Amino acid sequence: MTSEAVKILISSAGRRVALINCFRRAAKEVGISLTVIACDLDPGMSPACRSADASYAVPACDDPDFVWALQEIALREKIDLIVPTIDPELPALARAMDDFEAIGCRVHVSQPAVIDIVRDKLETMNVLGAAGIPVPRTIALEEFASTSEWSWPVFVKPRSGSASRAISVAGSRDELPSKISEPMIVQENLTGTEYTVNGFVDARGRLQTAITHRRVRVRAGEVEKGITERQARHSRIAHDIVGALPGLRGAFCFQMMDDGVAGPKVIEINARFGGGYPLADHAGAQFAKWLLEEVSGSPASCHDNWRSGVLMLRYDEAIFVDGEDE
């Protein structure tokens, strides 16, 4: 039976105003009443929290009380769906998904085994490579230090990092990180065109679509200028990824580098809504709508008929709050 009202909680909402707007447009198309709740460390300083119907302050996602705080919100607000937006919160939410289900709340998160893989970039490359998916040669930094079989330069990044944090290209051993505060990996340095592929896996584990956009310009790890393109090879790789990660569900995305010599290779997977998702949504791959259909019991409208050649040019926009409104 179709529900006429749905409440969603956007966690670690930050600047995800565009994502909220995607859900609001989707609700109108599905014909349901949508309430958007958002939470963050400091909701008063979050544009997305300011744009939501209500907001809450919660602990950091690595705090032991983070999941408990979201459960309290879910119970108080009768939340139907929680939508995480950053990688670090996924492990805790994946482990607690059954607890949320017990209170009538679905968490948009893949199975814990999948999250464990995609949060570990070395393990991601190992699992995908074993499935025959093209990936760059990858090794732990501590192991790399004792080998001489690699060609320079090499690409260095945190083993569980996100948002392009602490990445670098080293042209020699002298340029490798000397002070290491977290596990790092080394990869062959790929050059060429970079792509993001956004995919949607339904509740039965079937990939419904994979939409590619070329990353024309990137800022802080998120696409600032991008254009959708039909890439049959990318779609086949998306199907192979779903096969290699059978517990993958909902929206996910992966980055690819199409090297002029090595060809296209998968360099990273995010098991959540990616920062560039609004481009996919505008091009017709409406994952937010398909999720709301699943949650509300509405007929599914999933398809693969998105539009190629759709260009997104992002810009900064401000939210103003007068002191007397606080």
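1. Two strands are taken as paired if DSSP finds at least two bridges between them. In this predicted model, strand β7 (residues 154-158) and strand β9 (residues 184-188) meet that condition, since they run antiparallel and are joined by 5 bridges. Within this pair, Phe 155 of the model stands opposite Gln 187 in β9.

2. The two strands belong to an open sheet of 4 strands, in which the order is β6-β9-β7-β8 and the pairing is antiparallel. Because β6 (138-140) and β8 (168-170) stand at the edges and have a single partner strand each, one side of each is left without a neighbour in the sheet. On average, and with direction ignored, neighbouring strands of this sheet are turned by 30 degrees against each other.

3. Helix α7 (residues 121-130) lies across β6, β7 and β9, and its direction is at about 140 degrees to β6. At the N-terminal end, α7 is capped by Asp 120, a side-chain oxygen of which lies 3.1 Å from the backbone nitrogen of Leu 122. After the helix comes Gly 132, whose phi is positive, near 85 degrees.

4. Which residues of α7 are buried? They are Lys 121, Leu 122, Thr 124, Met 125, Val 127 and Leu 128. The cover over these buried residues includes the strands β6, β7 and β9, and also α6 (112-118), α9 (232-244) and β14 (263-270). As a general point on such helices, an α-helix has 3.6 residues a turn, so residues three or four places apart point the same way.

5. Thr 212, which has its place in strand β11 (residues 207-219), deserves a separate look. Thr 212 counts as buried because its relative accessible area is 1%, under the cut-off of 20%. The side chain of Thr 212 makes a polar contact, at 3.1 Å, with the side chain of His 234. When neighbours within four places in sequence are left aside, the residues in contact with Thr 212 include Tyr 195, Thr 196, Val 197, Ile 227 and Thr 228, as well as Glu 229, Gln 231, His 234 and Trp 306.

6. On the cysteines, the structure holds 0 disulfides. For Cys 22, which is in no disulfide, the nearest cysteine sulfur is that of Cys 253, 14 Å away; Cys 22 is buried, with a relative accessible area of 1%. Cys 302 is likewise in no disulfide, and the nearest cysteine sulfur to Cys 302, that of Cys 22, is 16 Å away. Cys 302 counts as partly exposed, at 24% relative accessibility.

Technical notes: Residues are numbered from 1 along each chain as its sequence is written. This is a predicted model: local features need pLDDT of at least 70, side-chain atom pairs count only at pLDDT 80 or more; totals for chains, interfaces and linings use all residues. Side-chain values use heavy atoms; hydrogens and water are left out. Axes are lines fitted to C-alpha atoms, for helices over the stretch in contact, and angles run from 0 to 180 degrees between N-to-C directions. Contact means heavy atoms within 4.5 Å. Buried means under 20% relative accessible area, exposed over 50%, partly exposed in between (1.4 Å probe, protein chains only). A polar contact is a pair of N or O atoms within 3.5 Å; within protein, one must be able to donate a hydrogen and the other to accept it, and residues adjacent in sequence count only if both atoms are side-chain atoms. A disulfide is a pair of cysteine sulfur atoms within 2.5 Å.
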